[in-house]
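Here is a short briefing to read alongside the model. Have the viewer open and follow the residue numbers as you go.

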Amino acid sequence: MKTYPYDAPIMSTDQRIATQMTTEYARAKIPTELPRSERLAVEENIKHLLKAHNAVLVAHYYVDPFIQDLALATGGCVGDSLEMARFGQAHEAQTLVVAGVRFMGESAKILSMEKTVLMPDLAAECSLDLGCPADEFAAFCDAHPERTVVVYANTSAAVKARADWVVTSSVGIDIVRYLHAQGEPIIWGPDRHLGKYIARETGADMLLWQGSCLVHNEFKATELLQLKEEHPDAKVLVHPESPDSVVALADIVGSTSKLLSSTYEIDAETFIVATDLGILHEMQKRSPNKRFLAAPTAGDSASCKSCAFCPWMAMNGLKGIEQCLTQRSGEVMLTPELAAAAKKPLQRMLDFAEAQKKRVTASGDIVKDRALFANVGAA
């Protein structure tokens, strides 16, 4: 595997990006928890509004558990970003309410331009997206015109539009391995940890954009090793957006969907999970007799051993969903030209998966569809 310096003279420096992350983190306003009686009333109103507006709620595994449960209870979807978008595309509803972060709303809109896509809070961002400005990434690509541009799904529509391929953390290895076999050198963006993992697995010549996930970048190998020693029978599940030293300690490395399925496919009673804490809700629901431990992070205080949650995901609240349906606020808007350009590399991935007989068409039955999306799950 070849390695390269961070070769982009006009790009943001790590310090600028770090400062931006800190600033955006401070702007992430987490909704106040509702009293039970009020929460139940809001949930009932949302159910009524979804029917009234011919809408469906799709939610990411990392958002509030109450929102996840409400999505399933109303015939919606809980899944990864691409699964959410594909579900919305296949569903008959003309309005999609996307509980996640902004790039997820954009992905849903790319695949469903004829539909209205609403979000509880359009200010819910993603550190990978924020750390990869479209103009700077385009300049980086222009400086290396001989390379095929492969970007992770966790990017803006504008960055997707500049790419040759969009990939997820599941199918990324297969696609990069295919490109490597064709002798194509690659530009990869934006997550450097996932890029290094794929490069190591495939041997591909990859020039990496130096982005990272605010959550996964904080997992720490030293304390993870200590936790493993305290629970020697536990299986360690790690998302490849994590640092190398953390990935090296994993029993299973994979996308959110793969980590989730591993919890009931592997014969183990205890799991240490190195991804956003939001996934623990679904893991516990599927395996109520198993134990799930959050992997340690740097935390935000001396007493915090695991603060692995995305502050922007936490901006999704039930009141926000109610408001966007009532006021038709938080609409995701893309020009037809941008959506068409962004869809091309995304469709290329879906066609690749189809050619490998990896079915990715949603039926509307969320239980059935989980297996279909296992090989193309996003972050």
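Leaving aside its neighbours within four places in sequence, which residues is Asp191 in contact with? They are Leu128, Tyr152, Trp209, Gly211, Ser212, Cys213 and Glu241, where contact means heavy atoms within 4.5 Å. This is a predicted model, in which local features need pLDDT of at least 70 and side-chain atom pairs count only at pLDDT 80 or more, while totals for chains, interfaces and linings use all residues. Residues are numbered from 1 along each chain as its sequence is written, and side-chain values use heavy atoms, with hydrogens and water left out.

**The chain overall**

- The protein chain comes to 17 helices and 12 strands; these are DSSP runs, with helices being H or I of at least four residues and strands E of at least two, numbered from the N terminus.
- Of its 379 residues, 57% count as buried, that is, under 20% relative accessible area with a 1.4 Å probe and protein chains only.
- Among contacts with a separation of 6 or more, 65% come from residues 24 or more positions apart.

**Asp191 and helix α10**

- Asp191 lies in the loop between β7 (186-189) and α10 (192-202).
- Asp191 is buried yet has no salt bridge, which would be a side-chain nitrogen of Lys or Arg within 4 Å of a carboxyl oxygen of Asp or Glu.
- The nearest side chain of opposite charge is that of Arg192, 7.1 Å away; here Lys and Arg count as positive and Asp and Glu as negative, with His and the chain ends not counted.
- Asp191 caps the N-terminal end of α10, with a side-chain oxygen 3.0 Å from the backbone nitrogen of His193.
- Buried residues of α10 are His193, Leu194, Gly195, Tyr197, Ile198, Ala199 and Thr202.
- The cover over these buried residues includes β5, α9, β7, β8, α12 (244-247) and β10.
- Just after α10, Gly203 takes a positive phi of about 75°.

**The sheet containing β7**

- Four strands form an open sheet in the order β6-β5-β7-β8, with parallel pairing; two strands pair if DSSP finds at least two bridges between them.
- Its edge strands are β6 (165-167) and β8 (206-208), each pairing on one side only.
- The twist averages 25° from one strand to the next; axes are lines fitted to C-alpha atoms, for helices over the stretch in contact, and angles run from 0 to 180 degrees between N-to-C directions.
- Helix α9 (residues 172-181) packs on this sheet, touching β5, β6, β7 and β8, and its direction makes about 145° with that of β6.
- Strand β5 (residues 148-152) runs parallel to β7 and is joined to it by 4 bridges; Thr148 partners Ile186, and Val149 stands opposite Ile187.
- On the β8 side, β7 pairs in the parallel sense over 3 bridges, with Trp188 opposite Leu208.
- Ile186 and Trp188 point one way from β7, while Ile187 and Gly189 point the other way, and all are buried.

**The sheet containing β9**

- Another open sheet of 4 strands has the order β10-β9-β11-β12, again with parallel pairing.
- Here the edge strands are β10 (252-253) and β12 (291-294), each pairing on one side only.
- Strand β9 (residues 235-238) is joined to β10 by 2 bridges, and Leu237 stands opposite Ile252.
- Helix α14 (residues 279-286) lies across β9, β11 (270-274) and β12, running at about 170° to β12.

Methods:
Buried means under 20% relative accessible area, exposed over 50%, partly exposed in between (1.4 Å probe, protein chains only). A polar contact is a pair of N or O atoms within 3.5 Å; within protein, one must be able to donate a hydrogen and the other to accept it, and residues adjacent in sequence count only if both atoms are side-chain atoms.
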